[in-house]
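Please give me a briefing on this structure, written for someone who has not seen it before.

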Amino acid sequence: MADTQAPTLTDSAAKRVAWIAERQNKPAILRLSVEGGGCSGFQYKFDLAEGQEDGDLVSETAGVKLVVDPVSLDLVSGSQVDFVESLGGAAFRVENPQAAAGCGCGSSFGI
């Protein structure tokens with residue numbers, strides 16, 4: 001994919017990752033990956049990472065890194081990860097320009 005764009009974090013998401021990482025005594029590195037499943041075919045998975053791996057695409061916002069593996073990157077290229085708090089709870093949300101379908105929970109998508 002020649003026009004692959006690194007996914008990015010919003011300032012709100014970067015602050016939340018930094019807050020979580022500090023409390024868990026880990027580096028401020030969020031790994032975004034995509035797995036099969038969910039109500040729309042694919043689902044997002046978030047983990048704190050110890051570091052980046054070979055082939056990862058990395059973007060940085062306010063000192064916080066977002067890392068994505070090459071397989072997942074094809075599905076989340078150009079996306080933005082946000083942290084949203086509402087009456088329904090608080091969660092990381094992915095604004096994915098490639099997603100043709102989504103679901104109410106916001107953690108699943110289809111292409």
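Which side chain does R31 meet in a salt bridge? The partner is E53, with 4.0 Å from N to O, where a salt bridge is a side-chain nitrogen of Lys or Arg within 4 Å of a carboxyl oxygen of Asp or Glu. This is a predicted model, in which local features need pLDDT of at least 70 and side-chain atom pairs count only at pLDDT 80 or more, while totals for chains, interfaces and linings use all residues. Residues are numbered from 1 along each chain as its sequence is written, and side-chain values use heavy atoms, with hydrogens and water left out.

**Salt bridges**

- R31 is buried at a relative accessible area of 13%, whereas E53 is exposed at 52%; buried means under 20% relative accessible area, exposed over 50% and partly exposed in between, with a 1.4 Å probe and protein chains only.
- R31 and E53 also belong, together with D56, to a network of salt bridges.
- A salt bridge joins E35 to K45, with their closest N and O atoms 3.7 Å apart, and this pair connects strand β2 with strand β3 across 10 residues.
- K45 forms a salt bridge with D47 as well, at 3.6 Å between the closest N and O atoms.
- E35 is partly exposed at 33% relative accessibility, K45 is partly exposed at 33%, and D47 is partly exposed at 33%.
- The count of salt bridges by this rule is 4.

- D69, found in the loop between β5 and α2, is buried yet has no salt bridge, and the nearest side chain of opposite charge is that of R31, 4.8 Å away; for charge, Lys and Arg count as positive and Asp and Glu as negative, while His and the chain ends are not counted.
- The side chain of D69 reaches the backbone nitrogen of V71 at 3.1 Å.
- Leaving out residues up to four places away in sequence, D69 touches R31, L32, S33 and D56, a contact being heavy atoms within 4.5 Å.

**The nonpolar core**

- The largest nonpolar core has 18 residues, and L9, L32, L66 and V81 have the most contacts inside it; such a core is a set of buried Ala, Val, Leu, Ile, Met, Phe, Trp, Tyr and Cys residues joined through side-chain atoms within 4.5 Å.
- Among the elements that give two or more residues to this core are α1 (11-23), β2 (29-36) and β5 (64-68).
- Residues that V81 touches, not counting those up to four places away in sequence, include L9, L32, F46, L66 and F92.

**Aromatic rings**

- There are 2 aromatic pairs by this rule, in which rings of Phe, Tyr and Trp (its six-membered ring) pair if their centres lie within 6.5 Å, with planes under 30 degrees apart counted as stacked, over 60 as edge-to-face and the rest as tilted.
- F46 and F92 form a tilted pair, 5.4 Å centre to centre with 35 degrees between the planes, and they link strand β3 to strand β7 across 46 residues.
- F46 is partly exposed at 25% relative accessibility, whereas F92 is buried at 19%.
- One aromatic cluster is formed by F46, F83 and F92.

Methods:
Helices (H or I, at least four residues) and strands (E, at least two) are DSSP runs, numbered from the N terminus. A polar contact is a pair of N or O atoms within 3.5 Å; within protein, one must be able to donate a hydrogen and the other to accept it, and residues adjacent in sequence count only if both atoms are side-chain atoms.
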